[in-house]
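Here is a short report on a structure. It takes up the fold, the chain contact and the nonpolar cores in turn.

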Amino acid sequence: MKTTTLAKLAGCTLALLLSSFVTGQEINFAGDWSAIFHEDEPERLPGPPLVEWAGLPLNEAGKMRGLTWDPNRISVVTELQCREHGGDYSMRGLAHMRIERVIDERNQQAIAFKTRMNFHNQERTIWLDGRAHPPADAPHTWAGFSTAHFENGMMVVNTTHQKQSYTRRNGIPASADRAFTEYWYIHENILTVVTVVDDPVFYTEPLVRSQNWVLNPGLRITSNNCEYVLETPIGDDGQLVPHYLPGENPFVTETAEIYHLPIEGLQGGAETMYPEFREQLGQPLGDSRFCTLDCE
Amino acid sequence: MKQRMLTAFVLSLGFTMFAVGAGNAHHSFPATYVMDETQTIEGTMVQFLFRNPHSFVHVMVSDEETGENQRWAVEWGGASALAGSVDRSSLKPGDQVRISGQPGRNPEDHRLRMQSLEVIDGDFVWQGDFD
């Protein structure tokens with residue numbers, strides 16, 4: 001009896017100790033994070049040039065949308081001036097981020113993370129409480145609907161219900177049917193988020209990329225309200241949506257000529273994501289001596 | 001006056017460097033403008049749109065050959081990015097300005113991406129970069 005009592009006491013003590021901790025895998029991402037742009041800086045900051053889609057798993061529909069895109073559209077079409085980034089692109093672009101953890105006061109369990117990006121005050125809730133995603137035909141938002149769980153020292157986030165948006169700021173679209181998976185992990189003061197975009201409308205394979213942030217307690221994310229104005233007199237009669245008809249884009253080969261790269265590679269496709277593509281082309285790499293723009 | 005110009009110039013460079021990475025990446029500049037060319041216009045500022053995601057300066061420029069006035073739109077940094085070196089009172093309609101910038105892809109669009117601005121009959125000068 002004495003042994004049984006001691007065993008029960010030990011078991012209760014052990015259970016008490018374990019219950020005072022979180023699962024052991026939960027990670028607190030709360031804080032102010034400054035985006036780091038050592039990866040893909042030209043694309044993420046000043047922006048990509050025209051018809052530069054290397055490494056994007058585009059299908060023919062995605063390529064056609066890109067070739068018919070006119071960059072003036074975002075100025076001329078007033079409704080697009082204040083359009084927010086999609087939840088996926090907001091993790092990609094100019095993306096200083098504030099993360100808050102929401103705690104259920106009743107049981108001290110984390111039920112969500114709330115993120116706020118510095119661009120257009122975009123906010124997103126990442127639910128941790130196991131709730132289901134809404135039905136497929138539920139309203140879509142720019143940020144989408146996100147849920148997450150923890151595994152192997154990472155937070156895995158699944159996002160659906162994003163509005164139609166863009167993958168890259170040179171005409172590459174992102175459909176409202178896309179699913180977005182993220183893998184968040186912290187090492188020292190660096191947050192790394194690996195993102196996987198599955199778009200059945202415009203991609204043939206998942207698009208995998210990574211982005212990094214550094215913890216910055218001194219960061220101050222200010223309000224970033226957008227205002228609709230007449231940016232340019234182009235099409236000021238309100239009837240114009242800048243575009244190119246199929247076959248009429250005059251800039252298809254521009255980037256290829258500037259950097260002396262094969263046009264087949266720059267027009268994207270899943271094969272361009274893999275190193276074997278170089279062998280398929282059978283052409284030498286572009287010579288840096290012929291570079292005429294952004295050569296450093 | 002020279003001291004104010006110098007101060008504005010230095011401040012604009014400093015705050016521009018700070019603003020890079022904390023500003024707005026709304027659209028792609030290499031997609032919209034010819035980044036390896038510079039064009040200079042001179043005319044009368046008619047509108048200053050100090051806002052996010054990008055400010056715009058509209059300038060009426062007289063065509064040297066035809067004498068016709070043409071409205072140009074010059075894209076600038078967002079209000080958040082320019083804060084500290086530029087505010088709503090930095091420019092006013094009627095200012096004679098000289099602006100250099102990267103031209104838009106279609107010359108008929110009459111648009112530039114700001115690289116430098118000088119108020120010819122004033123003391124405001126700005127030069128820098130933005131995202």
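## Barrel in chain A

In what order do the strands of chain A close into a barrel? This is a predicted model, and in it nine strands of chain A close in the order S1-S2-S3-S4-S5-S6-S9-S10-S11. The pairing is mixed. Neighbouring strands of this sheet are turned by 30 degrees against each other on average, direction ignored.

One of the pairings joins strand S1 (residues 31-36) of chain A to strand S11 (residues 207-215) of chain A. The two run in the antiparallel sense and share four bridges. Within this pairing, Ser34(A) stands opposite Val214(A) in S11(A). Strands of a sheet pair through backbone hydrogen bonds, either parallel or antiparallel.

## Contact between the chains

Chain A puts 31 residues into the contact, and chain B puts in 25 residues. On the chain B side, helix H2 (29-32) and strand S3 (69-75) each give two or more residues. H2(B) gives the most, with four residues. By class, this side of chain B has 10 nonpolar, nine polar and six charged residues.

## Nonpolar cores

The largest nonpolar core has 22 residues. Those with the most contacts inside it include Met45(B), Val59(B), Trp76(B) and Met114(B). Among the elements of chain B that give it two or more residues are strand S1 (39-49), strand S2 (56-62) and helix H3 (79-82).

Which residues does Val59(B) touch, leaving aside its neighbours within four places in sequence? Among them are Ile41(B), Met45(B), Trp72(B), Val74(B) and Ile99(B).

Methods: Residues are numbered from 1 along each chain as its sequence is written. Chains are lettered from A and ligands numbered from 1 in the order in which they are written. This is a predicted model: local features need pLDDT of at least 70, side-chain atom pairs count only at pLDDT 80 or more; totals for chains, interfaces and linings use all residues. Two strands pair if DSSP finds at least two bridges between them. Axes are lines fitted to C-alpha atoms, for helices over the stretch in contact, and angles run from 0 to 180 degrees between N-to-C directions. Two residues are in contact if their C-beta atoms, placed from the backbone, lie within 7 Å. Ala, Val, Leu, Ile, Met, Phe, Trp, Tyr, Cys and Pro count as nonpolar, Asp, Glu, Lys and Arg as charged, and the others, Gly among them, as polar. A nonpolar core is a set of buried Ala, Val, Leu, Ile, Met, Phe, Trp, Tyr and Cys residues joined through C-beta atoms within 7 Å. A residue is buried if 20 or more other C-beta atoms lie within 10 Å of its own, exposed if 12 or fewer, and partly exposed in between; C-beta atoms are placed from the backbone.
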